[in-house]
Amino acid sequence: MLAAVGAVIFAIAYLLNVTNTHTDAAFTPFSLMVAGLCFVALHLAGVGTGWSYGSRTRRRR
């Protein structure tokens, strides 16, 4: 899911870059690219996958 969010942010950054749209300093194409890379990195690290290993490895005695 985080990779999809990163892809949407990359698409927005690309559109801003291609159309030369001037926005506030917080929403430059470079800052959106960095945010997209953060989301893709979190996806590759396994954050937000929904797996919960801790509850499945314990056995009742």
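Biologist: What share of the accessible surface of the protein belongs to carbon and sulfur atoms?

Modeller: This is a predicted model, where local features need pLDDT of at least 70, side-chain atom pairs need pLDDT 80 or more, and totals for chains, interfaces and linings use all residues. Residues are numbered from 1 along each chain as its sequence is written, and side-chain values use heavy atoms, without hydrogens or water. Areas come from the Shrake-Rupley method with a 1.4 Å probe, and for residues only the protein chains shown count as cover. The surface totals about 5,300 Å², and the carbon and sulfur share is 65%.

Biologist: What pattern does the protein follow along the sequence?

Modeller: Elements are DSSP runs numbered from the N terminus: helices are H or I with at least four residues, strands are E with at least two. The protein has three helices and zero strands. Its pattern is α-α-α.

Biologist: What percentage of the 61 residues count as buried?

Modeller: Buried means under 20% relative accessible area, exposed over 50%, and partly exposed in between, with a 1.4 Å probe and protein chains only. By that cut-off, the buried share of the 61 residues is 11%.

Biologist: How do H1 and H2 run, and which word describes the handedness of their crossing?

Modeller: Axes are lines fitted to C-alpha atoms, for helices over the stretch in contact, with angles from 0 to 180 degrees between N-to-C directions. The H1 and H2 axes come within 8 Å and cross at roughly 165°. Angles over 145 degrees count as roughly antiparallel, so H1 is roughly antiparallel to H2. A crossing is left-handed if the near helix is turned anticlockwise from the far one by less than a right angle; this crossing is left-handed.

Biologist: Which residues does Leu2 contact, leaving aside neighbours within four places in sequence?

Modeller: Leu2 lies in helix H1, residues 2-18. Contact means heavy atoms within 4.5 Å. The partners of Leu2 are Phe39, Leu42, His43 and Val47.

Biologist: Is Asn20 buried or exposed?

Modeller: Asn20 lies in the loop between H1 and H2. Its phi is near 55°, positive in a residue other than glycine. Most residues other than glycine have a negative phi. At 57% relative accessibility, Asn20 counts as exposed.

Key
Angles under 35 degrees count as roughly parallel, over 145 as roughly antiparallel, 65 to 115 as roughly perpendicular and the rest as oblique.
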